[in-house]
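Have the sequence and the 3D view open side by side, and turn the view as you read.

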Amino acid sequence: MKKIAIIILFLGICIISNAQIELKTPPPSPEAEWKQKLGFTDISLKYEKPLMRGRKIFGELVPFNQIWRTGAGESTRIRFSEDIFFGGQPVKKGSYSLFTIPNSNEWTVILNTDTTGHGAFSYDDKKDLFRIRIKPETTARTYESFSISIEDILPDYSAKIYLNWENTQIKVPVKSNADAVVMNDINQKINVEKVEDAKFFNNAAQYYFANKKDLKQALIWSKRSEEMASDNFNYANLTIKILEEQKDYIAATKSAQKAIELGNKKNLKGAVANLQKKVEEWQKITGITAPASNTMLADNSENHNNHSHGGHEMSSMKENQSIFKPVLDAYYTIKNALVASDADASAKAAGVLVSAMKAIVMNKMEMKQHTEFMKVNSKIISDAQKIADAKDLKKQREIFQSLSENFYTLAKGAKISSEPIYQQYCPMKKAGWLSSESDIKNPYYGSSMLTCGSVKETIK
């Protein structure tokens, strides 16, 4: 019995002496994961972050031209809740593993459909969804730990996934299909289902405005929402913002005065004060003084004649055509100089045009003339100045094409002359110009093709 006890004691001592006492330490490559919504899509990523620990990374620890797990431990996994574009390639919603092949001047980034493997040991290129190639960038900052993040999120629902380690950075562009989804919904509701809902029209207009799409269409929808809900200040305010973005300050003033009346009724003092300040700014730009009352500016020329226009009574369009004569004469002089292939005369005439444009007294214009003038004023001055600065005949003729397009807009919209203005066109140059006579004298080719062209329109 005593022997048995001794044996048991001996075995117990052996067991205790062989037991391992472990020291618990953090993992050498800590796990990391994040989730980010992009548009309607949730992007989530899980990976492990290895550290430099004084080692040379790319080209040594991570060899060039070899498949890399893009992290440590398990393969890096990325998931998309909705279809998305990754590196410019369409990707169906789902989970994928992320592999890379680093190189000094180009990386290969791979999405693979197998998410069960450990590291890159079981990597099978037959399961690649696709590969993209990206140029690496060198960073001034040294990244001790490998990191993957999503940054640079933009209003168009795009972003970049950054891979950073050591002094190397990779940027993979990603983009949600949210815009296509929204645009399809707008089309379905408005063009197919023919909805008549003020809030939806406002939402559609707001989306177009915020995302810098077709502002003309945004304005149509915004005005439609106003018509359906005339007491909604926010709807009216969006119309004003769109008109301001279009630089149609006269129409913006008219809409603002209507909104100011509405805001006063609703006691929206702050919003009303902001609009009144805007109106003052637009009056300085346009030279048009708004009526003292809070009523809307009239839309027709008959009412324009009863309104103050910078302290002067607004006269009829025909009576105001004389103020454009110095401008039109300067344009014709440029055209004639180009016909004669005289660069110096063309430059001099362009300088005269710049001065004539700046000297125009805007408060003598009829409302429609003013609107059309403001559309092209800065463009005409810019084109004319470029011609004045250019001593090269070829360069002057190139700029004259843009000048003529803007002058046509002014001549057509503002009716700047009581005499006919002939819009002429050269099919060889594929460019037009204006002339005071119907006979063709080509300013783009001069004497070499003097009569090349035809009259396309007569503006009266």
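Helices here are DSSP runs of H or I with at least four residues, strands are runs of E with at least two, and both are numbered from the N terminus. What you're looking at is a predicted model, in which local features need pLDDT of at least 70 and side-chain atom pairs count only at pLDDT 80 or more, while totals for chains, interfaces and linings use all residues. Residues are numbered from 1 along each chain as its sequence is written, and side-chain values use heavy atoms, with hydrogens and water left out.

Back to that pair. Helix α10 covers residues 325-339 and helix α11 covers residues 343-359; their axes are 8 Å apart and the packing angle is about 165°. An axis is a line fitted to C-alpha atoms, for helices over the stretch in contact, and the angle between N-to-C directions can run from 0 to 180 degrees. α10 and α11 are therefore roughly antiparallel. The cut-offs are simple: under 35 degrees is roughly parallel, over 145 roughly antiparallel, 65 to 115 roughly perpendicular, and the rest oblique.

Which residues meet between α10 and α11? From α10 come Pro326, Val327, Ala330, Thr333, Ile334, Ala337 and Leu338, and from α11 come Ala345, Ser346, Ala349, Ala350, Val352, Leu353, Ala356 and Met357. Contact means heavy atoms within 4.5 Å. Sorted by class, the contact of α10 with α11 has 13 nonpolar residues, two polar and no charged. For the classes, Ala, Val, Leu, Ile, Met, Phe, Trp, Tyr, Cys and Pro count as nonpolar, Asp, Glu, Lys and Arg as charged, and the others, Gly among them, as polar. If you wonder about the spacing of residues along a helix, an α-helix has 3.6 residues a turn, so residues three or four places apart point the same way.

Now find α4 (residues 215-228) and α5 (residues 233-245), whose axes come within 9 Å and cross at roughly 155°. These two are therefore roughly antiparallel to each other, and α4 passes α5 in a left-handed crossing. On the α4 side the contact uses residues including Leu215, Ala218 and Leu219, and on the α5 side residues including Tyr235, Ala236 and Leu238. The contact of α4 with α5 has eight nonpolar, three polar and three charged residues.

α5 also has α7 (residues 269-286) as a partner: their axes come within 13 Å and cross at roughly 25°. That makes α5 and α7 roughly parallel, and their crossing is left-handed. Here Phe233, Asn237, Ile240 and Glu244 of α5 meet Ala271, Leu275, Lys278 and Trp282 of α7. By class, that gives five nonpolar, one polar and two charged residues.

Several α3 residues are buried, among them Phe200, Phe201, Tyr207 and Tyr208. Buried means under 20% relative accessible area, exposed means over 50%, and partly exposed is in between (1.4 Å probe, protein chains only). The buried residues of α3 pack against α2 (178-192), α4 and α5.

Glu227 sits in helix α4 and counts as exposed, at 59% relative accessibility. Glu227 and Ala198 are 29 residues apart in sequence, with 8.2 Å between their C-alpha atoms. Ser29, in the loop between α1 (2-18) and β1 (31-38), is buried at 15% relative accessible area. Leaving out residues up to four places away in sequence, Ser29 touches Glu48, Lys49, Pro50 and Ala72.

Finally, zoom out. The protein has 13 helices and 15 strands, and 44% of its 460 residues count as buried.

Conventions. Left-handed = near helix turned anticlockwise from the far one by under 90°.
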